[in-house]
Amino acid sequence: MICMDPPRYGFADLPSAEHVNAFRVLVSVFAVADNRRRDTYCKDACGHTWHNLPAATEQP
């Protein structure tokens, strides 16, 4: 979305110092959307590999 040609959603107009913040907002929005999808369409019988990843382990 950020690198679309032509640029969309106003990201190209942001000052370069705000690009990291905009990226973080996008990741947060996608995380919310993915969680909602897991709770509705993918509930109980999901075949998407990215919804069935093993739990993350802590690295020292």
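Buried means under 20% relative accessible area. The legends below use that word for a predicted model.

**View 1. The whole protein and its surface.** Buried residues account for 10% of the 60 residues in this predicted protein. Its accessible surface is about 5500 Å². Carbon and sulfur atoms hold 58% of that surface. The secondary structure amounts to 1 helix and 0 strands.

**View 2. Val 29 in helix α1.** The helix spans residues 19-39, and Val 29 lies in it. Is Val 29 buried, partly exposed or exposed? Its relative accessible area is 48%, so Val 29 is partly exposed. The cut-off for exposed is over 50%.

View 3. Which residues make the nonpolar surface patch? They are Val 25, Val 29 and Phe 30. The patch covers about 280 Å².

**View 4. Cys 42 after the helix.** Cys 42 sits in the segment that follows α1. Is Cys 42 buried or exposed? Cys 42 counts as buried because its relative accessibility is 9%, and the cut-off is under 20%.

**View 5. The contacts of Cys 42.** Which residues does Cys 42 touch, leaving out those up to four places away in sequence? Cys 42 touches Arg 37, His 48 and His 51. Cys 42 itself belongs to the segment after α1.

Note on methods
Residues numbered from 1 in each chain as written. Predicted model: local features only at pLDDT ≥ 70, side-chain atom pairs only at ≥ 80, totals over all residues. Heavy atoms only, no water. Patch = residues over 30% accessible without salt bridge, like charges linked within 9 Å, V, L, I, M, F, W, Y side chains within 5 Å. Areas by Shrake-Rupley, 256 points an atom, 1.4 Å probe, with all protein chains shown as cover. Salt bridge = Lys/Arg side-chain N within 4 Å of Asp/Glu carboxyl O. Helix = DSSP H or I, 4+ residues; strand = E, 2+ residues; numbered from the N terminus. Buried < 20%, exposed > 50% of the residue type's maximum accessible area, 1.4 Å probe, protein only. Contact = heavy atoms within 4.5 Å.
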